[in-house]
Amino acid sequence: MAQPLKKVNVDDLQYLTRFVSDKESHLVIKDHNICKTKCKEKYCTFFCPAQVYKWEGERMFVGFEGCHECGSCRIGCPYDNIEWKYPKGGLGVVFRLA
Ligand code: SF4
Ligand code: SF4
């Protein structure tokens, strides 16, 4: 008989990830004005599991260094306002410890 899966807490697992940061962001807001004037809900501040996006009143701050590369940015922004690509080879999140 199959064993039940162990429950995990995603927040706890986040502490086991490591990041090798690039100097350049692999996440780019295409038009900050859209965030400011059209997107009242600021969806990215909710759908990103790593809390990369923080609204700073006038502009969206993008803490790309903590990105988990889940890819949700590609579909989560209703204005298609995030340019998303993987970090350059060897950079970005390292899940090996999780
Ligand atoms: S969801 Fe898209 S448009 Fe809205 S604040 Fe985030 S990046 Fe800007
Ligand atoms: S790819 Fe995932 S973790 Fe990275 S910024 Fe987008 S939603 Fe957040």
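Predicted model: local features only at pLDDT ≥ 70, side-chain atom pairs only at ≥ 80, totals over all residues.
Me: How many helices and strands in the protein chain?
Reply: There are 4 helices and 6 strands, where helices (H or I, at least four residues) and strands (E, at least two) are DSSP runs numbered from the N terminus. Their order from the N terminus is α-β-β-α-α-β-β-α-β-β. The C-alpha trace spans about 55 × 30 × 20 Å along its principal axes.

Me: What share of the 98 residues is buried?
Reply: Buried residues make up 32% of them; buried means under 20% relative accessible area, exposed over 50%, and partly exposed in between, with a 1.4 Å probe and protein chains only.

Me: Which residues have the most contacts inside the largest nonpolar core?
Reply: L27, I29, V52, Y53, V62 and I82, in a core of 16 residues. Such a core is a set of buried Ala, Val, Leu, Ile, Met, Phe, Trp, Tyr and Cys residues joined through side-chain atoms within 4.5 Å. Strands β2 (27–29), β4 (60–62) and β5 (82–84) each supply at least two residues of this core.

Me: And what does V62 contact, leaving aside neighbours within four places in sequence?
Reply: V62 is in contact with L27, I29, V52 and Y53, contact meaning heavy atoms within 4.5 Å.

Me: Ligand 2 next. Which residues come nearest?
Reply: C48, C67, C70, C73 and W84, out of 13 residues around ligand 2. A residue is near if one of its heavy atoms lies within 4 Å. The shell divides into 9 nonpolar, 3 polar and 1 charged; Ala, Val, Leu, Ile, Met, Phe, Trp, Tyr, Cys and Pro count as nonpolar, Asp, Glu, Lys and Arg as charged, and the others, Gly among them, as polar.

Me: Where is C73, then?
Reply: C73 lies in helix α4 (residues 73–76) and is buried, at 9% relative accessible area. Not counting residues up to four places away in sequence, C73 touches L27, F47, Y53, I82 and W84.

Me: How many aromatic pairs turn up?
Reply: A search of the whole structure gives 1. The ring centres of W84 and Y86 are 4.9 Å apart and the planes are at 70 degrees, so the pair is edge-to-face. The cut-offs: rings of Phe, Tyr and Trp (its six-membered ring) pair if their centres lie within 6.5 Å; planes under 30 degrees apart count as stacked, over 60 as edge-to-face and the rest as tilted.

Me: Is W84 buried or exposed?
Reply: W84 is buried, with a relative accessible area of 10%, whereas Y86 counts as exposed at 51%.

Me: Backbone now. What is phi of K42?
Reply: Phi of K42 is near 50 degrees, a positive value in a residue other than glycine. Most residues other than glycine have a negative phi. K42 is in the loop between α2 (32–37) and α3 (44–47) and is buried, at 12%.

Me: What about phi of D80?
Reply: The phi of D80 is also positive, about 45 degrees. D80 is in the loop between α4 and β5 and counts as partly exposed at 49% relative accessibility.

How values were computed
Residues numbered from 1 in each chain as written. Chains lettered and ligands numbered in written order. Heavy atoms only, no water.
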